[in-house]
Amino acid sequence: MSEQPNDQENDLLLGGRYRVHLEDPLPKDDNATAAAFVASDRRDPKRRLKALVCKPGLIPRLDIIPQLSRLTRLPMVNPLDAGPVIWPETGGRRFVVLFDHMTDEALIPTLDESCAPLREDQIFHRVIKPIVPALKELSARSIKHRAIRADNVFYTDEARNSAVLGECVSGPPGMAQPVVYEPVDIAMANPAGRGQGTLADDLYAFGVLIVALLTGGDPAAGMSDEDLIDAKIRLGSYTALVRDLQLSLRMIEPLRGLLCDDPAERWTLDELELWAGGRQLSPKQTNLATKASRALPFAGNEYLTRPALSLAMGNRWGDAATLVTSGELASWLRRSLGDEDGANAIQALSANPGQGPNSADRLVSNALIVLEPKHPLRYRGLSARIDGLATLLAVNYADDTFRAAFVEMLRAKLPQIYLQSVAGKGVEQAPLMKTYDMFIYFMDRPQAGNGLERALYEANRGWPCQSPLIGDDYVCELDDLLPALERAARRGALSERAIDRHIAGFCAARAKPLADRAPSLLTPSGNVAKERLGLLAVYAEVHRVTNIARRFPALTAWLAAMMTPVFDGFHNRKTRDAMVQEVDKVGGQGDISTLYHVLDNSETRHEDETGFEDAQAEYRQLQATIEWLAAGGLSAPDYVQAKSRQAATLVSATIAGLTVVTLSLLFVT
Amino acid sequence: MSERSKENTAPQGARKGGGRTIMTGLLLLPVIAVLMPSCIVLAVGMLPTIVAYVVDRTAGKYLTITVALLNFCGTLPGLRDLWLMRQAYGEAARIAADPLHWLTSYGAAALGWIVYLAVPVILSMYYSGVTAHRMEGLKRAQANLVESWGPAVTPQGQRGPAEDQ
């Protein structure tokens, strides 16, 4: 006997097949971006599954989930299915990614734990050999893993003979990575602003993973993130991480290659494959930054290299402006590093720091770009790789302070300046330049449907709508918007507001026909009826472009109730009454498109307008006649006299005629 | 040149009108000659009409027409008697001097005068009634317009149709 699932079970069903068991959490499988739960397959109850429920405010990597779910032979934990489920605790929705449940343990269960170090040959056979083909497969499909770390690589069997890569889709790329697993330029960025990353970043993380397995734990244990980055800059990643570890020459080769700080010099996958195949390759030498002839004192320390100073200036933002404006930085670059161009650029910046309260911040940010263009773009507390700014904004959008800093940074065109400074250095400029120009374009147009919200959804295609009207309902596709609003209407959350800037921006970014139309429809005009009709037009268009056959009774009824000013725009009472009846009927059916067409019937409106103008003219004419009559129009002496003369003549003629006829008859008879 | 043409056309028109009168007079002369007895009876009987014509200052000579029509009816019995006597001059003189003929002719003319004087009074009363009735109808029509289209249809209609509801 098949059991009918109850409502809660239905809510937690993904694709009508997989059920998430919230009562059965898997805390040891949680990561920085998602919480793990046991899941089951309704078609195969014996199958053990794991569901990763993404944290609110974060987005999984929707762009690669479909690809990875097809790569079933890849030695990697691949997603089976993904999508939002209703979250019973809040009534909202959360995005869930389903995996086959790996009963096997991670190479190192938690990153702050220690375990027995592996021998080099064990690492080679258990980790490097099986994982290199996986990286090869991913690379062939232009997929970057960005989550290679010791607690996310798993043994496939109890004998620990082979390992597979863990999942990489439950959060933005690289966000869950500890600083130790990231190269210097990414480690300096905020976790949400690490960008898409490259295969070179995956290979670096793979190198760190090997060091972690050799040391039996975190190779940077006991170090703060800042100290670790500083050590990587000063000593180079290899020296900073390997330290006094005894390694064979054969293992030194890949570690020096993989942990090379210059991505252009770092080992490629081909080189790693060659090495794994037994070829001897010459070890890479640590390529440290050029040291200055004289140290520059800054914030109580002395700095000899540009990257070290750049890191320190970014971390001590307040002191950095003084260093730039005092001319010390320019002088140091010229005299101690022989960088005439850099010194001139810094001098030009400090000579013309600009106007406004944030001129010091802009100055420091610009100076950091000149000082070390390889480092992420920084502005006060904001630090991101140039391709990670959009995700950083999305993750921190609710933070007003962050948003203000982000807008200041965009207004100062710092991303564009950064891109120009790294021109020809391997950064794909054109699409990014277009993206940040787009940000400014929309920010300059503040009406609903444009603004920063529009830019947010344009730059983050899979990002869910952040509107408070739909609460924590997970709406990342336009198809999900009206059902979410329907749910909001049912729980009465739409009683006060009709649409907000987030929904407007989301619709304009996701629905092509609304890209230009939504802002013009939603621009306040002072005419309430026009504004309400504009709002309805947006939702009707969304209904049309998604699935016009779907019905939304609560939302339509709510929209219909909002349309009173539109009815009132019609002058004729009968037309109005007929329209109210029609709208009530359509509202009950839940058809938003039809509701809009009923209210935006141009023929009816035209008839009403012309009828009203005719009625006004008729009223004026009647009034003029009444006034004429009231002023004695008919009883005025002149009028009466004139009419009387004609009437008298007529009476006389009538009598005369009758008399003549009578006399004629008498005469004849 | 245009002045000369005006000078030429005005006398031409006057000559045309005068010529028409003379032509009409010439055509009527044989009729008058043949119907002289009837003309004598008419001349005597239609004296009130001549008086009315003299005193009538209205543009369309309505008084004259009103009196003339009834006055003519009053002379008809006399004319009938005359025509029964084959328009004899003696009979014409008799009828012209007959007080009864005068009474019918002048009585009928008096009736014309009465009609002319009474109709304005009657019409004034009638128009007063019509004015009230028509104003009532017009106001009802205005009220219907306001009911159908709301107060905005009036020139003073500053309020929206919503308030009308």
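Which residues of helix H6 (residues 225-235) of chain A are buried? The close-ups below start there. This is a predicted model, in which local features need pLDDT of at least 70, side-chain atom pairs count only at pLDDT 80 or more, and totals for chains, interfaces and linings use all residues. Residues are numbered from 1 along each chain as its sequence is written, chains are lettered from A and ligands numbered from 1 in the order in which they are written, and side-chain values use heavy atoms, with hydrogens and water left out.

**View 1. Helix H6 of chain A and what covers it.** The buried residues here are Leu228(A), Ile229(A), Ala231(A), Lys232(A) and Ile233(A); buried means under 20% relative accessible area, exposed over 50%, and partly exposed in between (1.4 Å probe, protein chains only). Helices (H or I, at least four residues) and strands (E, at least two) are DSSP runs, numbered from the N terminus. The cover over these H6(A) residues includes helices H4 (184-187), H5 (199-215), H7 (237-242) and H10 (306-315) of chain A, judged by contact, that is, heavy atoms within 4.5 Å. Just past the end of H6(A), look for Gly236(A), which takes a positive phi of about 90°.

**View 2. Helix H19 (residues 451-459) of chain A, mostly covered.** Seven of its nine residues are buried: Gly451(A), Leu452(A), Glu453(A), Arg454(A), Ala455(A), Leu456(A) and Tyr457(A). Among the elements covering them are helices H15 (389-395), H16 (400-411), H18 (429-443), H21 (501-510) and H22 (517-522) of chain A.

**View 3. An open sheet of six strands in chain A.** Follow the order E1-E2-E3-E4-E6-E5, with antiparallel pairing; two strands pair if DSSP finds at least two bridges between them. Strands E1 (13-14) and E5 (79-86) of chain A stand at the edges with a single partner strand each, so one side of each has no neighbour in the sheet. Further in, E4 (residues 48-54) and E6 (residues 93-100) of chain A pair in the antiparallel sense over five bridges. Here Ala51(A) has Leu98(A) in E6(A) as its bridge partner.

**View 4. Where chain A meets chain B.** On each side, 41 residues are in contact with the other chain. The two chains bury about 3,800 Å² between them, 72% of it on carbon and sulfur atoms; buried area is the accessible area (1.4 Å probe) that two parts lose on being put together, summed over both. There are zero salt bridges between chain A and chain B (a side-chain nitrogen of Lys or Arg within 4 Å of a carboxyl oxygen of Asp or Glu). On the side of chain A that touches chain B, the elements giving two or more residues are helices H26 (573-589), H28 (602-630) and H29 (637-668) of chain A. H29(A) gives the most, with 19 residues.
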